[in-house]
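I will jot down what I look up as I go.

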Amino acid sequence: MLFCCRRPVECIFITCMVFGACKTAPVVSTPSDRQQLIISLDSIYKEDQRYRVQADSLQRLNKWNDPALADCWKKMAAIDSSNVIAITQIIDKYGWPGKTRVGENGNATVFLVIQHADLATQQKYLPVLPAAVEKGDGRKDQLALLPDRV
C-alpha cells in the first residue's frame, strides 16, 4: 500500500493514474451497438443470477446437504467462467461500460461478474473501476466492495 494515501481507494486510484492502468473507453459507435451491448449484459446478468437465486433459496431453507445445492454451485462455476470471458472482452474493448452507456443494470452486471471472477481477473480489472466511479459510470459501493474481495 502506498504510504501517501489515507484510504485504500485513494491508493488504487493513484496507482491507476500513475501507471496508466485506467483506460478511457471508446464511445460505442452506434445506437444499435449500444443496444446490443445492453442486451448482451442483460443476458449475462440473468445467467449470473439464475443459480445464485436457487442456491440462496436452498440455503434459507437450511438445505446445506441437499444435492441440489451442490449442483447449483457447480453450475454457477461453469457460468461464471463463460461470463468472465464475455465481460473481460467487453471491458477490453470499451473500458468499464458504465451507467451512462449501458444503464444501471448493465453496470451492475459488469461489476457482479468481475466480483464473482477468480482473483487474477479481479486484480486485473480493479484499477479500471476508480476512473469509472470518478466519471459517474461506476458506483462508490462497488469500489468499496471489490478491493475487499481482492
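Helices here are DSSP runs of H or I with at least four residues, strands are E runs of at least two, and both are numbered from the N terminus. This is a predicted model, where local features need pLDDT of at least 70, side-chain atom pairs count only at pLDDT 80 or more, and totals for chains, interfaces and linings use all residues. Residues are numbered from 1 along each chain as its sequence is written, and side-chain values use heavy atoms, leaving out hydrogens and water.

H3 covers residues 67–94. Its 28 residues reach 40 Å from first C-alpha to last, close to the 40 Å expected at 1.5 Å a residue, taken as 1.5 Å times one less than the number of residues.

Then I turned to H2 (residues 31–60) and H4 (residues 99–115), whose axes come within 9 Å and cross at roughly 35°. Axes are lines fitted to C-alpha atoms over the stretch in contact, with angles from 0 to 180 degrees between N-to-C directions. Contact means heavy atoms within 4.5 Å. Arg34, Leu37 and Ile38 are among the H2 residues that meet H4, whose side includes Thr100, Arg101 and Val102.

Last, I zoomed out: the protein has 7 helices and 0 strands, and 41% of its 150 residues count as buried.

Technical notes. Buried means under 20% relative accessible area, exposed over 50%, partly exposed in between (1.4 Å probe, protein chains only).
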